[in-house]
Amino acid sequence: MYRSSTTLEDIYRLALPQDSHLLVGEELLVRAVSWACTLRPSPPAFPKLDGEELALIDMEDLRRLDPKMRLDRVVHSLQGAHITAIAVLGEVNDAAVRAASSHQIALLNLPDGYAISQIERDVIRLIVDRAGYIAQRSASLQRELNQIALDGRGLKHIADNIQSFIQQPIVLMREDGAIAATSGLESLSQNQFQTLINNLPNLTSLRSWLATQNKENVHTTSGILPMTGPAAQASLSRNRHGSNGSSPTVVAESQKSLTSRTTSASRISPLDLVDSSEVVVAPVVANDTVRGYFLIIRSPSEHGLTISSVEEVALMQGVAAVALEWAKQYAVDVAEERMRAAFVDELLASEIADEQAWIQRGASLGYDMSRPHVAWMIQARNVTDWPRSLMRFINELGVNAPMCRREEGTLLFWPIDNPTSGRELKSVASLLVERVQGQGANCELLVGIGRPGVGPADWHRSQQQARESWRLGKEWNRNAAVTYFGDLEFYQLLTALRGNQEAARFYRRTLGKLLTHDKDHNAELVTTLDAFFSCHGNLSQTATRLHIHRNTLTYRLERIAEITRLDLNDPDARFSLQLALKLQPIIQ
């Protein structure tokens, strides 16, 4: 719900010149402004004041009215009229700042080069035609953002332009939680910046909030969320036209010539971390998909539970500009992905007669095919923005890996320097799995890794190994998300026993009675036996893994020995039981 009346903040952000400075009264920005009145160079200085006006004073007119009149005396005299604020064109002395502070009157300093009469007209127009004036400013902002898009200057320039308009820190977050761009935080140290980013609403909070919104109006949805930890209220208050309060130092600072509103806003003091900051948030929707979130950081004391007019405009135009930029980037990525996928498909389908020709062709796409490449087969389930999230992961590691789609999932070739083994990539794949699973409990990845293909002619073999690793990992290593072909010799042997009658008889003879007992008595003896072997026969570890008492485990092992008529202390008997357990997936 937005305010229907015009506030001092609306005027400050929308109607006053961009280089204006708030010297006193940050806490007064929420006050209403009923009209704008300009000091006249002849008596009476002001028309009748009814309260809540913005008094506009040109120091040249004040001197013409009375050469001996000081600005602080004017501030004292206006106190009884219950005005909301005073905006001054010209030099503001310390005494005037102290007077405004003591009387709780907001005091602003206007930049040189503007006509006070034009400023008065702009303010009055905002008051009497608020909707029309905001629409005009919104259209002006849209034109600026469109020009940025046409010039191809990217997300950072979009964020900077919005921040220059709103004078509050901006954060653009991708759907996977990665920060795409920020503005208004440039003066923070790396530690301060990271602390603030860490305290933003996390991805789970943003998704949960969005899930409560009307899906039909997701393009226009916005809301207010608290920061998840300490944030920068004191510093964020200073991130408004360079305002720092009412000290003489601040007044002197406000007199400095500034070339742009952004320059003023960039002078951010180090963060004073407190627990009371929040963000105004809106989803960025491109190609009918939520691609990320547009965040405006602010102090909650400024607006309560409302979104200001300026924030409304910034969200509307900022979200549209970012969505266009992401849609454009998505289209480019899709085209590049198709071109690169076609290259991989063609290579794998060809008889490689001239490897050097393929190496040169790969180089034109940025691939160093003179290095060995290891094939990965990746199956993704319930992973948001796949495979773009995979591409971002690869790019973050500085790797250029050819990839394409297959029925099983995504096939990629990872360049390495070791021509004999790809085992080192298991840790890289595990890092990818960890990141993806961090998106949610339902996100799953299953990765099969082949051995290195030393040259393009060997890529097909590495692909077959990756596919076999993926298949066997899915079938055998159900607790492991990453499987390397070099670790699968034993499972390849077991797979060869599929359909073998002797293997089936051995399985039934060894585990059959135990399986029947579990089924008839709703017991867990087979599970207990599997855990016992997984823990290498360690009773304490097995009991902990099964969440049972050690005495209960001992009783179960005795029952297993009794039912199977096998001595668990006999190495041959233990091997038979282990082999039968390993045969279970293919026999069943």
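Colleague: Which residues of H5 are buried?

Modeller: In this predicted model, the buried residues of H5 are Ile116, Ile119, Val123, Ile124, Leu126 and Ile127.

Colleague: And where do they sit when you look down the axis of H5?

Modeller: They fall within an arc of 155°, so the buried residues line one face of the helix. As a general point, an α-helix has 3.6 residues a turn, so residues three or four places apart point the same way.

Colleague: What span should H5 have, and what does the model give?

Modeller: H5 covers residues 116-128, and at 1.5 Å a residue its 13 residues should span 18 Å. The end C-alpha atoms are 18 Å apart, which agrees.

Colleague: Nice. Switching to strands: is S10 mostly covered or mostly open?

Modeller: Mostly covered: S10 runs over residues 289-298, and eight of its 10 residues are buried.

Colleague: Which residues in S10 stand opposite Val171 and Val280?

Modeller: Val171 stands opposite Leu295, and Val280 is across from Ile296.

Colleague: What about the hairpin of S9 and S10, which residue there takes a positive phi?

Modeller: That's Asn287, with a phi near 55°. The hairpin has two residues between the strands.

Colleague: Now the five-stranded sheet. What's the strand order?

Modeller: The order is S12-S13-S11-S14-S15, in an open sheet with mixed pairing. The edge strands are S12 (403-405) and S15 (482-484), each of which pairs on one side only. On average, neighbouring strands are turned by 20° against each other, ignoring direction.

Colleague: How do S14 and S15 pair, parallel or antiparallel?

Modeller: Parallel, over three bridges, with S14 covering residues 444-453. Within that region, Ile449 has Tyr484 in S15 as its bridge partner.

Colleague: Which strands of the sheet does helix H13 touch?

Modeller: H13, residues 309-349, packs on the sheet and touches S12 and S13 (410-415). The direction of H13 makes about 85° with that of S12.

Colleague: And H17, which strands does that one touch?

Modeller: H17 (residues 459-475) also packs on the sheet, touching S11 (373-381), S13, S14 and S15. Its direction makes about 145° with that of S14.

Colleague: On to aromatics. How many pairs are there?

Modeller: The count comes to five aromatic pairs. In one of them, Phe413 and Trp459 have ring centres 4.4 Å apart and planes at 15°; under 30 degrees counts as stacked, so this pair is stacked.

Colleague: Which parts does that pair tie together?

Modeller: Phe413 lies in strand S13 and Trp459 in helix H17, so the pair ties together parts that are 46 residues apart in sequence.

Colleague: Are those two buried or exposed?

Modeller: Buried: Phe413 has a relative accessible area of 0%, and Trp459 is also at 0%.

Colleague: What about Phe532 and Phe533, are they stacked or tilted?

Modeller: Tilted, because their planes are at 55°, with the ring centres 5.6 Å apart. Phe532 is buried at 6% relative accessible area, and Phe533 counts as buried at 10%.

Colleague: Last one: which residues form an aromatic cluster?

Modeller: Phe343, Trp358 and Tyr367 form one.

Note on methods
Residues are numbered from 1 along each chain as its sequence is written. This is a predicted model: local features need pLDDT of at least 70, side-chain atom pairs count only at pLDDT 80 or more; totals for chains, interfaces and linings use all residues. Side-chain values use heavy atoms; hydrogens and water are left out. Buried means under 20% relative accessible area, exposed over 50%, partly exposed in between (1.4 Å probe, protein chains only). Helices (H or I, at least four residues) and strands (E, at least two) are DSSP runs, numbered from the N terminus. Two strands pair if DSSP finds at least two bridges between them. Axes are lines fitted to C-alpha atoms, for helices over the stretch in contact, and angles run from 0 to 180 degrees between N-to-C directions. Contact means heavy atoms within 4.5 Å. Rings of Phe, Tyr and Trp (its six-membered ring) pair if their centres lie within 6.5 Å; planes under 30 degrees apart count as stacked, over 60 as edge-to-face and the rest as tilted. The expected span of a helix is 1.5 Å times one less than its number of residues. The arc is that of the directions from the helix axis to the C-beta atoms.
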